Amino acid sequence: MGSAARQPPSSLKVAIFDDVVFARGEQFHIPGLDVAVFPHADDAAAVCRRGCYELVFMDFAMGPRRKNGSRAISDLRGAGFGGKIIGISSDPAANAAMRAAGADDALGSKSHLRSYLVHLAKTVTGTP
């Protein structure tokens, strides 16, 4: 009597565009999530298309001569990205600008990013 092998839950593909998180070398090894961190969002639309990301976290300011979060979000939406986008900035005006550009939500502090990801992973994997 054969039974189908139980497949582990698929991982949610997450992209984080943030120069500070990248510079710190932060890595997120969280079961249920496949997280990649990028130093800027100049080519976010191409990156998300190639990587098939479902969720994007977007910083607003990523350094001189780099595309800001609002512009990157607008480009993502213009390219047809239908996944969830969350702005991450401690500046309320920057978060408002990213929402206006097409972000679904915003985190008021980067310090909340890891806890948000852990909570998200629990919903993906169904763990309490």
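Let me start at one residue: Ala 103 sits in the loop between H4 and strand E5 (105–107). Helices (H or I, at least four residues) and strands (E, at least two) are DSSP runs, numbered from the N terminus.

This is a predicted model, in which local features need pLDDT of at least 70 and side-chain atom pairs count only at pLDDT 80 or more, while totals for chains, interfaces and linings use all residues. Residues are numbered from 1 along each chain as its sequence is written, and side-chain values use heavy atoms, with hydrogens and water left out.

Is Ala 103 buried or exposed? Ala 103 counts as buried, because its relative accessibility is 10%. Buried means under 20% relative accessible area, exposed over 50%, and partly exposed in between, with a 1.4 Å probe and protein chains only.

Which residues does Ala 103 touch? Leaving out residues up to four places away in sequence, Ala 103 touches Ile 73, Ile 85, Gly 87 and Met 98. Contact here means heavy atoms within 4.5 Å. As for Leu 117, 14 residues from Ala 103 in sequence, the C-alpha to C-alpha distance is 17 Å.

Ile 73 takes us to helix H3, residues 69–78, where the buried residues are Gly 69, Ser 70, Ala 72, Ile 73 and Leu 76. These residues lie on the same side of H3, because they cover an arc of only 165° around the axis. That arc is taken from the directions from the helix axis to the C-beta atoms. On the other side of H3, Arg 71 and Gly 78 are exposed. The cover over the buried residues of H3 includes helix H2 (44–51), strand E3 (55–59), strand E4 (84–88) and helix H4 (92–101).

Now the whole chain. The protein chain has five helices and five strands, and along the sequence they follow the pattern β-α-β-α-β-α-β-α-β-α. The radius of gyration is 15 Å, close to the 14 Å from the globule rule for 128 residues, so the chain is as compact as a globular protein of that length. The radius is taken over C-alpha atoms, and the rule is 2.2 Å times the number of residues to the power 0.38. Along its principal axes the C-alpha trace spans about 60 × 30 × 25 Å.

Buried residues make up 41% of the 128 residues. Of the contacts between residues at least 6 apart in sequence, 56% join residues at least 24 apart.
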